[in-house]
Every structure is written in structure tokens, then in C-alpha cells.
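Here are some friendly notes to read alongside the model. Please keep the sequence and the 3D view open as you go through the points.

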Amino acid sequence: FQDVSAVIYIAALSSFDQKLMEDESVNRMAEAIALFSAICNHPLFKSIGMIVFLNKIDLFQQKIKTVQISEYFPDYAGDFYNEGSQYFVDRFEELNKYTERTVYFHLTWATDTQQISDVFLLVRDLVIQINLKFLSL
């Protein structure tokens with residue numbers, strides 16, 4: 001992993017009420033959070049930048065009108081898109097045990113090609129910044 005400067009992790013924000021196909025007893029978002037924790041906190045990635053895309057915000061916005069996040073995540077107390085999306089950003093962010101490393105978050109809608117193009121330009125710039133910081137320039 002010596003040439004890796006960042007890990008890009010993608011999770012579907014709209015999957016908070018879904019189960020894994022391979023194990024219907026496991027919530028998809030809970031699994032995504034657990035997997036991110038394992039990757040983010042692995043010693044090999046200690047100095048590697050982390051970029052998280054919480055995707056499918058369009059589906060999430062529609063879903064939370066009829067499905068309560070608190071039914072699947074009982075510690076959640078909110079009703080709106082901003083509160084719900086921030087709740088999941090916070091859930092991922094609090095897992096980072098390497099406090100000297102920043103985890104960067106982007107809420108995305110993959111079918112919005114302009115937004116994805118803009119986000120990838122930001123990510124490219126971010127990776128350059130991470131590399132410059134790593135090289136101490």
C-alpha cells in the first residue's frame with residue numbers, strides 16, 4: 001500500500017432499512033458502517049486519506065418521508081433529510097480512531113452527472129492535497 005494516498009469508500013445512504021442479500025439478519029447500513037470501521041482503522045491505512053461517498057441521496061430523501069430511520073437505528077432522533085444524512089455522516093466519522101487524519105464526506109446522487117463530475121474534481125484536488133501533505137510540501 002505504499003503508493004496509496006487515499007481510500008474511497010461508497011455506501012448507499014438509502015440502504016438504512018434494507019437487509020443484506022447474503023444474510024437477511026444484517027442491516028445493509030450497519031454492515032457498511034462496520035466494514036468502514038475495519039478499513040478506516042486498519043494500521044496499514046493509518047496515514048492514508050479517507051474519502052466517503054454517501055450515495056443515493058435522492059432515494060434517501062424520498063424514503064425518509066415514509067420510513068423512519070429510528071425504526072432501524074433507535075438512537076436516531078430526527079425527521080428531516082439534513083438531520084438524517086448528518087446522523088450517518090457522524091456515525092461514520094466517529095469511527096476514525098486516528099484523530100490526526102481527516103475523513104472527507106460527500107453526499108452524492110450518482111445519476112446527477114454534473115454533481116458527480118464536480119465531486120470528482122474536488123476529490124482529485126483533495127488527493128493532491130493529501131499527497132502534498134504527505135510529502136510535507
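Is Phe120 buried, partly exposed or exposed? With a relative accessibility of 46%, Phe120 counts as partly exposed, since buried means under 20% relative accessible area, exposed means over 50%, and partly exposed lies in between (1.4 Å probe, protein chains only).

1. A word on the source. This is a predicted model, in which local features need pLDDT of at least 70 and side-chain atom pairs count only at pLDDT 80 or more, while totals for chains, interfaces and linings use all residues. Residues are numbered from 1 along each chain as its sequence is written, and side-chain values use heavy atoms, leaving out hydrogens and water.

2. The overall layout. You can find 4 helices and 3 strands in the protein chain, in the order β-α-β-α-α-β-α along the sequence. Both kinds of element are DSSP runs numbered from the N terminus: helices are H or I with at least four residues, strands are E with at least two. The radius of gyration of the protein chain is 16 Å, close to the 14 Å that the globule rule gives for 137 residues, so the chain is as compact as a globular protein of that length. Here the radius is taken over C-alpha atoms, and the rule is 2.2 Å times the number of residues to the power 0.38.

3. The main core. Of the 137 residues in the protein chain, 40% are buried. The largest nonpolar core holds 28 residues, and Phe16, Met29, Phe73, Phe88 and Phe92 have the most contacts inside it. Such a core is a set of buried Ala, Val, Leu, Ile, Met, Phe, Trp, Tyr and Cys residues joined through side-chain atoms within 4.5 Å. Two or more residues come from each of β1 (6–12), α1 (28–40), β2 (49–55), α2 (57–63) and α3 (81–93).

4. A separate second core of 5 residues includes Ile51, Phe53, Val123 and Leu126.

5. A salt bridge across the chain. The whole structure has 3 salt bridges, each being a side-chain nitrogen of Lys or Arg within 4 Å of a carboxyl oxygen of Asp or Glu. In one of them, Asp17 meets Lys63 at 2.6 Å, N to O. Asp17 sits in the loop between β1 and α1 and Lys63 in helix α2, 46 residues apart. Lys63 counts as buried, at 16% relative accessibility.

6. Arg91 pairs with Asp75 in a salt bridge (3.9 Å, N to O). Arg91 lies in helix α3 and Asp75 in the loop between α2 and α3, so this pair ties together parts 16 residues apart in sequence. Arg91 also forms a salt bridge with Glu94, with the closest N and O atoms 3.9 Å apart. Glu94 is exposed, with a relative accessible area of 58%. Shared partners join Asp75, Arg91 and Glu94 into one network.

7. Back to Phe120. This residue lies in helix α4 (residues 113–134). Together with Ile8 and Ile10, Phe120 makes a nonpolar surface patch of about 310 Å². Patches are made of residues with over 30% relative accessible area and no salt bridge: like charges are joined within 9 Å, nonpolar side chains (Val, Leu, Ile, Met, Phe, Trp, Tyr) within 5 Å. Accessible areas come from the Shrake-Rupley method with a 1.4 Å probe; for residues, only the protein chains shown count as cover.
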